Amino acid sequence: MSASRIAIVGAGGRMGRVLIEAVQETPDLELAVATERSGSGLVGTDAGTMAGVGPLGVTLEPELEAAVGRFDTVIDFTRPEGSLAHLEVCRRYGRAMVLGTTGFDASQKAAIEQAAREIPVVFAPNMSVGVNLCLKLLDTAARILGDEVDVEIVEAHHRHKVDAPSGTALRMGEVVASALGRDLKECAVYGREGVTGERDRRSIGFETIRAGDIVGEHTVMFAGSGERVEISHKASSRMTFARGAVRAARWLQGRPAGLYDMQDVLGLR
Ligand SMILES: NC(=O)C1=CN([C@@H]2O[C@H](COP(=O)(O)OP(=O)(O)OC[C@H]3O[C@@H](n4cnc5c(N)ncnc54)[C@H](OP(=O)(O)O)[C@@H]3O)[C@@H](O)[C@H]2O)C=CC1
Ligand SMILES: O=C(O)C1=N[C@H](C(=O)O)C[C@H](O)C1
């Protein structure tokens, strides 16, 4: 099989730069296209030089659609509005997509589901193997501990992150809620302040920390009477997410249209 041609959008971002390195170290993937928003001072520079891996002969360009003949799969870690525009290009021209952006609202998620009826999409708020293992452990823990414990989810990220709680924390909440037969929309409590009253046993609490250069940390606490179980994941490098995204791009080769996530890619379903 020939190398799959990858387009990285938002290539100058924190994840974009690491993704360039991750694609570069993967033999059966080829970095074919890299984009940045028009007006960015990075447009016109070499993507490899920008990412610190040496010149690759791939120049940062401002328009994904103009490059559509040169890539098979888009890897997108940008912002919801940008991701939906890139998704529409993929849908129109039949390209695959690995979508790692977080912070989508319900109607934006519906648009992703709709597009995935026509093209293959891996959509996951966290592409690390460790977090996806934690999702399995959380399902087991919630089923065993049941309604006897209070569930609290604490996440910490760098000061530049714009969405809260993190996409990963929300997915962890969904997994626990589903295992406990609850609807997260009805039982989620986001932060507490003032006279809150006693805790409702069926609520799932979220606490957010934004500080410094923390890459990404998540802890789910199952606190009962006399004991507490905590399942934690700490990312110390963005390369863990980038390697997951690259794995997803390879896995997508030849897949039919559909909405997949990292549980599918890692065979954890
Ligand atoms: N699924 C996973 O495993 C992970 C997901 N993420 C998610 O990935 C996303 C990006 O994170 P990060 O790299 O830290 O963010 P950055 O802000 O560092 O990078 C975002 C990139 O996207 C570009 N961008 C922003 N808005 C648009 C738009 N409307 N159209 C096109 N391009 C746009 C930015 O360009 P400009 O500089 O011009 O604004 C920048 O190049 C976040 O949603 C984050 O939560 C992060 C890590 C892991
Ligand atoms: O913005 C980030 O940095 C991260 N975002 C993802 C999320 O919102 O869950 C994943 C990771 O924790 C890093």
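Where is histidine 158 found? Histidine 158 sits in the loop between strand 6 (150-157) and helix 6 (167-179), where helices (H or I, at least four residues) and strands (E, at least two) are DSSP runs numbered from the N terminus. This is a predicted model, so local features need pLDDT of at least 70 and side-chain atom pairs count only at pLDDT 80 or more, while totals for chains, interfaces and linings use all residues. Residues are numbered from 1 along each chain as its sequence is written, and chains are lettered from A and ligands numbered from 1 in the order in which they are written.

**View 1. Here is the shell around ligand 2.** The residues around this ligand are Thr102, Pro125, Asn126, His157, Lys161, Ser166, Gly167, Thr168 and Gly216; a residue gets in if its C-beta atom, placed from the backbone, lies within 6 Å of the molecule. They split into one nonpolar, seven polar and one charged. For that count, Ala, Val, Leu, Ile, Met, Phe, Trp, Tyr, Cys and Pro are nonpolar, Asp, Glu, Lys and Arg are charged, and the others, Gly among them, are polar.

**View 2. Histidine 158 and threonine 168 both carry an annotation.** The unreviewed UniProt entry has "binding site" on His158, Gly167 and Thr168, though such annotations may be inferred rather than shown by experiment. Histidine 158 counts as partly exposed because 13 other C-beta atoms lie within 10 Å; the cut-offs are 20 or more for buried, 12 or fewer for exposed, and partly exposed in between, with C-beta atoms placed from the backbone. Leaving out residues up to four places away in sequence, histidine 158 touches Gly212, Asp213, Ile214 and Val215, a contact being two C-beta atoms within 7 Å. Threonine 168 belongs to helix 6 and is buried, because it has 25 C-beta neighbours inside 10 Å. With the sequence neighbours up to four places away again left out, threonine 168 touches Pro125, Asn126, Val131, Glu155 and His218.

**View 3. Now look at ligand 1 and its 24 surrounding residues.** The closest are Gly10, Gly13, Met15, Gly82 and Gly100. By type, the shell has six nonpolar, 13 polar and five charged residues.

**View 4. Helix 5 runs over residues 129-145.** Its buried residues are Val131, Asn132, Cys134, Leu135, Leu138, Ala141 and Ala142. Those buried residues of helix 5 pack against helix 6, strand 9 (216-223), strand 10 (228-235) and helix 9 (262-265). Just after helix 5, glycine 146 takes a positive phi of about 55°.

Notes
The expected span of a helix is 1.5 Å times one less than its number of residues.
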